[in-house]
Amino acid sequence: MRESALHTACTASMHYELPYWVLKPLAVGADGFEPLLLDYVLAILGATHGQAALPIVERFLYHPHPEVRREAAEAVNELRWGQEPTQGETAQ
């Protein structure tokens, strides 16, 4: 059931940018997820582009499971990409 719910949220985050504050409970409880489910959590958090998620996701770059590390790296890249200035903005 949890995997189905996370899969649905992950799929939704591919089509819609869900705000971080809506998904913050996933970030708060991230350490409690098993590796299979943690992959979903990291993908969802990365898709928020919410910079508050960055330190949470970065913790998993050193996870013992390679799949989790890979997903964390992808999520970090996604979050950092979201930091780039949009057209017309200048970098500070």
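In α3, 13 residues at 1.5 Å a residue should span 18 Å, and the end C-alpha atoms are 18 Å apart, which agrees. This helix belongs to a predicted model of a protein with five helices and zero strands. From the N terminus on, the elements run α-α-α-α-α. The mean pLDDT of the protein is 83, and 78% of its residues reach 70 or more.

**Helix α3**

- α3 is mostly covered, with 10 of its 13 residues buried.
- The buried residues of α3 are Leu37, Leu38, Asp39, Tyr40, Val41, Leu42, Ile44, Leu45, Gly46 and Ala47.
- Just after α3, histidine 49 has a positive phi of about 60°.

**Nonpolar core**

- The largest nonpolar core holds 24 residues, of which Leu6, Leu38, Val41, Leu45 and Val57 touch the most other members.
- At least two residues of this core come from each of α2 (20–28), α3 (35–47), α4 (54–58) and α5 (66–81).
- α3 gives the largest share of this core, seven residues.
- Apart from neighbours within four places in sequence, leucine 6 contacts Leu26, Phe33, Leu37, Tyr40, Val41 and Ile44.
- As a general background, nonpolar side chains in soluble globular proteins tend to be buried together.

**Helix α2**

- Tyr20, Leu23, Leu26 and Ala27 are buried in α2.
- These residues lie on the same side of α2, because they cover an arc of only 100° around the axis.
- Trp21, Pro25 and Val28 are exposed on the other side of α2.

**Helix α5**

- The 16 residues of α5 reach 22 Å from the first C-alpha to the last, close to the 22 Å expected at 1.5 Å a residue.
- In α5, Val68, Glu71, Ala72, Ala75, Val76 and Leu79 are buried.
- An α-helix has 3.6 residues a turn, so residues three or four places apart point the same way.
- The buried residues of α5 pack against α3 and α4.
- Asn77 and Trp81 are exposed on the other side of α5.
- Glutamate 71, in helix α5, counts as buried because its relative accessibility is 12%, under the 20% cut-off.
- Beyond its neighbours within four places in sequence, glutamate 71 is in contact with Asp39, Leu42 and Ala43; of these contacts, Asp39 and Leu42 are among the buried residues of α3.

**Loop residues**

- Threonine 48 is in the loop between α3 and α4, and it is buried, with a relative accessible area of 5%.
- Not counting residues up to four places away in sequence, threonine 48 touches Glu17, Leu18, Pro19, Tyr20, Leu23, Ala53 and Leu79.
- Among these contacts of threonine 48, Tyr20 and Leu23 are buried in α2, and Leu79 is buried in α5.
- Histidine 63 is in the loop between α4 and α5.
- Histidine 63 counts as buried because its relative accessibility is 17%, under the 20% cut-off.
- Between histidine 63 and proline 35 there are 9.2 Å in space, C-alpha to C-alpha, although the two are 28 residues apart in sequence.
- Residues up to four places away in sequence aside, histidine 63 touches Pro35, Leu38, Val68 and Arg69.
- Of these contacts of histidine 63, Leu38 is buried in α3 and Val68 is buried in α5.

**Whole protein**

- Of the 92 residues in the protein, 37% are buried.
- Among contacts between residues at least 6 apart in sequence, 65% join residues at least 24 apart.
- The protein exposes about 5900 Å², of which carbon and sulfur atoms supply 58%.

**Confidence**

- Confidence is lowest in helix α1 (residues 2–15), with a mean of 69, and highest in α4, at 96.
- Over residues 85–92, pLDDT stays under 50, and the model has two contacts beyond four places in sequence for them.
- Where pLDDT is low, the predicted coordinates should not be read in detail.

How values were computed. Residues numbered from 1 in each chain as written. Predicted model: local features only at pLDDT ≥ 70, side-chain atom pairs only at ≥ 80, totals over all residues. Heavy atoms only, no water. Core = buried A, V, L, I, M, F, W, Y, C linked by side-chain atoms within 4.5 Å. Buried < 20%, exposed > 50% of the residue type's maximum accessible area, 1.4 Å probe, protein only. Helix = DSSP H or I, 4+ residues; strand = E, 2+ residues; numbered from the N terminus. Contact = heavy atoms within 4.5 Å. Expected span 1.5 Å × (residues − 1). pLDDT = per-residue confidence, 0-100. Areas by Shrake-Rupley, 256 points an atom, 1.4 Å probe, with all protein chains shown as cover. Arc of directions from axis to C-beta.
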